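Let's take a walk through this structure together, one piece at a time. Have the picture open and follow along as you read.

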Amino acid sequence: MNTSYKFQGWLGLDPSSAKGNMQWKEYEPKTWEETDVDIKVTHCGICGSDLHTLRSGWAPTIYPCCVGHEIVGTAVRVGSKVERNIKVGDRVGVGAQSGSCLKPECEECASGMENHCPNMVGTYNGKYADGSKSYGGYSDYCRAPSHFVVRIPSSIPSEEAAPMLCGGITTFAPLKKNGCGPGKKVGIVGVGGLGHFGILYAKALGAASVTAISRTSAKKEDAMQLGADGYIATNDDADWSTHHARSLDLIVSTVSSPNMPLEGYLQLLRTNGQFIQVGAPEDKLPAFNVFPLIGKGVKIGGSAIGAPREIEEMLALTAEKGIRPWVQKRALGEANKAIVDMDEGRARYRYVLVNEAHAKM
Ligand SMILES: NC(=O)c1ccc[n+]([C@@H]2O[C@H](COP(=O)([O-])OP(=O)(O)OC[C@H]3O[C@@H](n4cnc5c(N)ncnc54)[C@H](OP(=O)(O)O)[C@@H]3O)[C@@H](O)[C@H]2O)c1
Ligand SMILES: [Zn+2]
Ligand SMILES: [Zn+2]
């Protein structure tokens, strides 16, 4: 079937696209399957991963590439075999993942860990089993397999729901999995898009205290307003790691740069504490001394986005508790300017592109 709409969006054609050189062009979406949903995009958050990908920071990107994986919009075409009973006209969203093998013999897919499937397909810069490419949400329309398309609870505005689908879930999932809750003292490193969600969700999950850990004091008031109980500015207090040593049970680090004081972060942990890295720097982490690990039985781990059922759980908690992320709307037409501002750390705390043709600013 030929659709009445075109798949077009902001395409990165080479690494210079990250500097604000994306071009508006048409592209060929994934081959239609009856399990798919076409989403008329109204909103799409700007995630740090969009920049890493546009600039080929992690690995060579398969250009042309339309980034954006915090997508909310309206289902305009639904296949005959879609999951979640999605209907044309429903408000739906898709996050950073748009595919996995979904085979019963896959240990990860069979146990609700689709986000760890060895054949995970990203919402952009990914390849489906049939060889077609995935294109993201800096666009008019996005085609995604319904297994990864969620319904948005009616009480959550689209511009707030969009960044939850990657930024939100990437902090909610490791907090939940690693025991954030009553009695736990939690630290969130990096007060950015992910980090601000980390503060909100750690509080919502009932942490005994939440400490925001940032480079400077500039974001202190914001962090406290978001619900943090404590704040550490690592560049502004030379002795921060001894001042706050052994004060936290769980740290989720969203830092996107390899230039991080990792040993200092580990010093903040109590015995049996855990350090979970979700930020994805383009270079290796700094070398560090093992004695904090050995001496305190500390564990270092990582976490990748979250599975569809975890996203649904996060959205339900958000609706139940009335959690409000801090978003700033930017016109999709100005996406090139918005990604540059994002790269310069100006977002407070998530830019969300609004497709002016499909939604009011
Ligand atoms: N694991 C996953 O599944 C997953 C999912 C989504 C995103 N990510 C990754 O997570 C990272 C963060 O994404 P984001 O969208 O939250 O980006 P962001 O809004 O730019 O936030 C990153 C934060 O990291 C801190 N930071 C930056 N450079 C630093 C440095 N040199 N030293 C210490 N801290 C530094 C900053 O916090 P302060 O200003 O407070 O210091 C900054 O706000 C990116 O690498 C992204 O690719 C991973
Ligand atoms: Zn993301
Ligand atoms: Zn699988």
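By class, the shell around ligand 1 has 11 nonpolar, 17 polar and 2 charged residues. In that sorting, Ala, Val, Leu, Ile, Met, Phe, Trp, Tyr, Cys and Pro count as nonpolar, Asp, Glu, Lys and Arg as charged, and the others, Gly among them, as polar.

Before going on, a word about what you're looking at: this is a predicted model, where local features need pLDDT of at least 70, side-chain atom pairs count only at pLDDT 80 or more, and totals for chains, interfaces and linings use all residues. Residues are numbered from 1 along each chain as its sequence is written, while chains are lettered from A and ligands numbered from 1 in the order in which they are written.

Back to the shell. Ligand 1 is surrounded by 30 residues, and the closest are Gly 48, Gly 190, Gly 192, Ser 214 and Ser 256. To be near the ligand, a residue needs its C-beta atom, placed from the backbone, within 6 Å of it. Helices here are DSSP runs (H or I, at least four residues), as are strands (E, at least two), and both are numbered from the N terminus.

Now zoom out. The chain is divided into domain 1 (8–151 + 326–354) and domain 2 (168–302), with bounds that come from an automatic or database domain assignment. Where does ligand 1 lie relative to domain 1 and domain 2? Both domains give residues to its shell, so ligand 1 lies between them.

The C-alpha centres of domain 1 and domain 2 are 28 Å apart. Their contact takes 12 residues from domain 1 and 8 residues from domain 2, where residues are in contact if their C-beta atoms, placed from the backbone, lie within 7 Å. On the side of domain 1 that touches domain 2, helix 1 gives the most, with 3 residues. That side of domain 1 has 5 nonpolar, 5 polar and 2 charged residues.

Next, see how some helices pack. The axes of helix 3 and helix 4 come within 8 Å and cross at roughly 55°. That makes helix 3 oblique to helix 4. Axes are lines fitted to C-alpha atoms, for helices over the stretch in contact, and angles run from 0 to 180 degrees between N-to-C directions. Under 35 degrees counts as roughly parallel, over 145 as roughly antiparallel, 65 to 115 as roughly perpendicular and the rest as oblique.

Helix 3 has another partner: it packs with helix 9 (residues 308–321) at an angle of about 95°, with their axes 10 Å apart. Helix 3 and helix 9 are therefore roughly perpendicular to each other. Helix 3 brings Met 164, Leu 165, Gly 168, Ile 169, Phe 172 and Ala 173 to this contact, and helix 9 brings Glu 310, Ile 311, Met 314, Leu 315 and Thr 318. By class, the contact of helix 3 with helix 9 has 8 nonpolar, 2 polar and 1 charged residues.

Most residues other than glycine have a negative phi, and most peptide bonds are trans. Yet a cis peptide bond joins Tyr 63 and Pro 64, with omega about -5°. Pro 64 sits in the loop between helix 1 and strand 4 (71–78). Another cis peptide bond joins Arg 348 and Tyr 349, and its omega is about -5°. Tyr 349 is in the loop between helix 10 (335–343) and strand 17 (350–354).

Methods. Contact = placed C-beta atoms within 7 Å.
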